[in-house]
Amino acid sequence: MIAFLEAHRAGLLKQAHWTRNIVAGVIVGVVALPLAMAFAIASGVKPEQGLYTAIVAGIAVSLFGGSRVQIAGPTGAFIVILAGIAAKHGIDGLQIATLLAGVILLLLGVARLGAIIKFIPDPVIVGFTSGIAVVIWTGQWQDFFGLQGVSGEHFPEKVLSALQAFPSLHVATTALAVFTLALVIATPRIPGLKRIPGPLVGLIAATVIMAVLHPQGVATIGSAFGGIPRSLPSLHFPEVTAARLIELVGPAFTIAMLGAIESLLSAVVADGMAGTRHDSNQELIGQGIANMAAPLFGGFAATGAIARTATNIRNGGNSPIAGIVHCVTLVLVIVLLAPLASSVPLAALAAILFVVAWNMSEARHFANMVRRAPAADVVILLVTFFLTVLVDLVVAVNIGVIIATLHFLRRMASSVDVHQQSAQELSLELEQRGLTLPAGVLIYSVEGPFFFGAVENFERALASTHTDPRVLIIRLKWVPFMDITGLQTLEEAIRDLHRRQVRVMLTGANQRVDAKLRRTGLYELIGPANYFETLPQALAALGNAAPPP
């Protein structure tokens with residue numbers, strides 16, 4: 001309950017702050033209402049399950065999360081993953097996968113691995129987020145245009161099927177969807193309506209039209225799902241077997257990783273807007289508890305919702321009270337207004353998701369990155385984007401991260417410099433100590449991390465020595481760390497030089513490198529007489545001068 005404790009220490013739980021947080025919570029609850037139902041339907045579950053998720057996960061994250069202004073619930077980023085899991089494994093399978101994901105998130109937080117998520121490169125995040133947006137957008141064509149017979153398991157098949165069904169689109173459904181879309185977009189620009197959420201205005205207007213005009217053939221929540229129950233869910237444990245656990249571990253990891261990325265991104269955005277500082281490990285713990293609790297009450301996967309969190313902050317929310325009030329608002333909607341949901345047209349929810357998809361796509365940021373980013377980053381961005389759209393989000397993120405990692409290692413390796421230092425280069429350093437570079441002594445300096453990607457530079461530099469020197473001094477002063485490949489390469493080089501009767505000295509190893517040299521036996525291999533803290537000490541040991549003080 002770090003967020004609550006932080007809010008308490010900051011004095012934000014005092015009565016003076018109640019009003020602003022209650023108002024913010026109510027507004028966020030109103031914003032969350034249409035989004036929760038739309039995300040649920042798009043994920044292949046019933047609309048009320050989206051509301052249950054927003055309530056249970058919202059309370060859990062507000063109480064146990066690492067950000068005092070975070071709002072959690074179902075999000076658009078999950079739609080692609082959850083729809084696939086629900087179609088393949090059913091609702092129970094989706095809930096078991098969510099439960100497992102919650103356990104994974106909890107363990108990541110307890111193990112204090114929250115900072116690792118920060119190392120996912122921006123091109124990968126933008127690529128898969130924009131890819132998800134495209135999949136969401138095309139996935140809503142059926143409800144937006146009232147298309148019949150749309151099928152297909154993969155993206156190209158679904159799009160082709162939808163395009164083939166376009167000639168038979170339902171005019172009334174399309175007209176209502178376009179009207180709703182226009183309202184959602186225009187509401188923030190209409191004087192007097194700027195503070196009213198556009199999705200709510202569009203949803204209410206479309207529902208009123210349905211209730212008054214009853215256009216034929218327009219699908220509603222009532223016709224598709226039988227309405228929303230006017231009661232809260234009871235505790236229910238999904239049937240868990242060893243076989244199902246094994247089958248759902250992969251999907252659970254996908255949910256956990258995406259949930260961690262989204263929630264921590266949302267927390268970072270919140271910090272920038274509210275001037276707060278979140279605890280990434282505690283945030284993962286809160287998200288883990290939320291995802292363990294939500295499926296037990298009829299819900300599914302949830303994470304930090306950037307748009308709702310930003311709405312909370314912009315309307316004055318500055319403590320977990322706002323997050324809890326947002327959940328209470330949704331509870332009151334279910335208890336008091338559930339029967340009205342039967343007239344909500346699916347076309348209106350599809351229109352809302354069109355806007356969500358556009359906002360998720362970050363089209364301007366995507367285009368700017370394509371134009372301005374280095375070529376390698378553009379490749380990573382486009383590969384991740386197209387794999388997300390055409391193949392699978394998991395494959396896209398894995399390959400995107402692997403390519404980014406390999407590119408980073410290549411750049412790191414190319415930045416490592418191994419070169420021979422001449423007497424002229426060392427003149428100033430040696431003259432201050434009254435030393436000179438003896439004949440038959442070569443000095444090589446390694447500058448940069450001595451890891452597996454850089455050993456080729458080291459081997460190439462040593463190979464450039466055409467005649468064997470009497471003594472070879474290797475300076476490790478500018479080596480921040482060494483891995484096992486670097487250590488083994490150094491050992492092989494030393495043994496080879498010893499076979500050629502060349503004396504090898506090592507100088508300047510920092511504390512971390514020194515510990516590794518001693519642990520792997522390299523210190524014993526060259527002997528204490530050839531291991532020094534500084535270059536002047538090594539040259540002095542060759543009899544050039546007395547050891548420096």
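This is a predicted model: local features need pLDDT of at least 70, side-chain atom pairs count only at pLDDT 80 or more; totals for chains, interfaces and linings use all residues.
Local features were considered at pLDDT of at least 70 and side-chain atom pairs only at pLDDT 80 or more, whereas totals for chains, interfaces and linings use all residues. Residues are numbered from 1 along each chain as its sequence is written, and side-chain values use heavy atoms, without hydrogens and water.

Helices (H or I, at least four residues) and strands (E, at least two) are DSSP runs numbered from the N terminus. An open sheet of 5 strands has the order β3-β4-β5-β6-β7, with mixed pairing; two strands pair if DSSP finds at least two bridges between them. Its edges are formed by β3 (417-421) and β7 (531-532), each of which pairs on one side only. Strand β6 (residues 503-507) runs parallel to β7 and is joined to it by 2 bridges, and Thr 507 stands opposite Phe 532 in β7. Helix α21 (residues 484-499) lies across β5 (471-478) and β6, at about 145° to β6; axes are lines fitted to C-alpha atoms, for helices over the stretch in contact, and angles run from 0 to 180 degrees between N-to-C directions.

Helix α12 (residues 280-293) is largely enclosed by the rest of the structure, because 12 of its 14 residues are buried (under 20% relative accessible area, 1.4 Å probe, protein chains only). Among the buried residues are Leu 284, Ile 285 and Gly 288. The buried residues of α12 pack against α1 (2-9), α3 (47-64), β1 (72-73), α4 (79-110), α11 (242-274) and β2 (303-304). At the N-terminal end, Asp 279 caps α12, with a side-chain oxygen 3.1 Å from the backbone nitrogen of Asn 281.

Ser 361, found in helix α15 (residues 346-361), is also buried, with a relative accessible area of 13%. Leaving aside neighbours within four places in sequence, Ser 361 is in contact (heavy atoms within 4.5 Å) with Ser 130, Ala 133 and Phe 366.

A nonpolar core is a set of buried Ala, Val, Leu, Ile, Met, Phe, Trp, Tyr and Cys residues joined through side-chain atoms within 4.5 Å. The largest such core has 94 residues, of which Leu 51, Phe 128, Phe 144, Ile 221, Ile 255, Leu 349 and Leu 353 touch the most other members. Apart from this core lies another, of 32 residues, including Val 418, Ala 461, Leu 472 and Leu 490. Beyond neighbours within four places in sequence, the contacts of Ile 255 include Phe 78, Ile 81, Leu 82 and Ala 301.

Definitions and conventions. Buried means under 20% relative accessible area, exposed over 50%, partly exposed in between (1.4 Å probe, protein chains only). A polar contact is a pair of N or O atoms within 3.5 Å; within protein, one must be able to donate a hydrogen and the other to accept it, and residues adjacent in sequence count only if both atoms are side-chain atoms.
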